[in-house]
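Here are some questions and answers on strand pairing, backbone angles and side-chain packing. Please look over the sequence and structure before reading on.

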Amino acid sequence: SKYPIRFVRQKPIDKYILGFYCPEKKVGIEIDVSQHYTEEGIEYDRIRTDILNAYKIEIIRFTNIEIRKNFISVCEYIDNIIKNTENRKQV
C-alpha cells in the first residue's frame with residue numbers, strides 16, 4: 001500500500017481478469033495456483049498471456065509458494081520490473 005506506483009486488483013482486460021495490474025506501467029501480476037501447471041492450464045496461460053501482450057501488457061507470474069517463502073524477493077523483483085519498464089519506454 002506504500003508503493004509509489006498504483007496497482008489495481010482484479011482488473012478486467014479483454015475476456016480476462018488480471019490478479020493485479022499497474023495501468024501506468026502496463027504490468028500485470030498473476031499468482032498461479034496448482035491448476036496453472038496442468039497441460040490445459042499451461043496452454044490456457046500461454047494464450048492468455050499472448051492476448052494480454054497484444055495490449056502491450058507485460059505479465060509476470062509467481063506461485064503462492066514463492067510469495068509465502070520469498071515475499072521480500074518477490075517485491076524486489078516486481079520493483080525491478082517496474083523500474084526497467086520506465087527504461088524500456090524511453091528507448
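Q: Which residue stands opposite valine 27 in β4?
A: The model is predicted. In it, strand β3, residues 27-32, pairs with β4 in the parallel sense over 6 bridges. Valine 27 belongs to that pairing, and the residue opposite valine 27 in β4 is glutamate 58.

Q: In β2, which residue is the bridge partner of valine 8?
A: β1 and β2 pair over 5 bridges, in the antiparallel sense. Within β2, valine 8 has as its bridge partner tyrosine 21.

Q: Which strands stand at the edges of the sheet, each with a single partner strand?
A: The sheet is open, its pairing is mixed, and its 4 strands follow the order β1-β2-β3-β4. A strand with a single partner has one side left without a neighbour in the sheet, so the strands at the edges are β1 and β4.

Q: What is the average twist from one strand to the next?
A: The strands concerned are those of the open sheet, in the order β1-β2-β3-β4. From one strand to the next, the twist averages 45°.

Q: Where is aspartate 14, and what is its phi?
A: Most residues other than glycine have a negative phi. Aspartate 14 is not a glycine, yet its phi is positive. It sits in the loop between β1 (8-13) and β2 (16-22). The hairpin of these two strands has 2 residues between them, and there aspartate 14 has a phi near 55°.

Q: Is aspartate 14 buried, partly exposed or exposed?
A: Buried requires under 20% relative accessible area and exposed requires over 50%. Aspartate 14 has a relative accessible area of 48%, so it counts as partly exposed.

Q: Is lysine 56 buried or exposed?
A: Lysine 56 is in the loop between α1 (39-54) and β4 (58-63). Its phi is positive, near 65°, although the residue is not glycine. Its relative accessibility is 65%, and the cut-off for exposed is over 50%, so lysine 56 is exposed.

Q: How far apart are the C-alpha atoms of isoleucine 31 and glycine 19?
A: Isoleucine 31 is found in strand β3 and is partly exposed, at 32% relative accessible area. Along the chain, isoleucine 31 and glycine 19 are 12 residues apart. Their C-alpha atoms are separated by 6.9 Å.

Q: Which residues does threonine 49 touch, leaving out those up to four places away in sequence?
A: Threonine 49 lies in helix α1. Its relative accessible area is 18%, and because buried means under 20%, threonine 49 is buried. With residues up to four places away not counted, threonine 49 touches Ile59 and Arg61.

Q: Where does the largest share of the largest nonpolar core come from?
A: This core has 11 residues, among them Ile5, Cys22, Val27, Ile60, Phe62 and Ile78. At least two of its residues are supplied by each of β3, β4 and α3 (71-90). The largest share, 4 residues, comes from α3.

Note on methods. Residues numbered from 1 in each chain as written. Predicted model: local features only at pLDDT ≥ 70, side-chain atom pairs only at ≥ 80, totals over all residues. Heavy atoms only, no water. Buried < 20%, exposed > 50% of the residue type's maximum accessible area, 1.4 Å probe, protein only. Pairing = 2+ DSSP bridges. Axes fitted to C-alpha atoms, helices over the stretch in contact; angles between N-to-C directions. Contact = heavy atoms within 4.5 Å. Core = buried A, V, L, I, M, F, W, Y, C linked by side-chain atoms within 4.5 Å.
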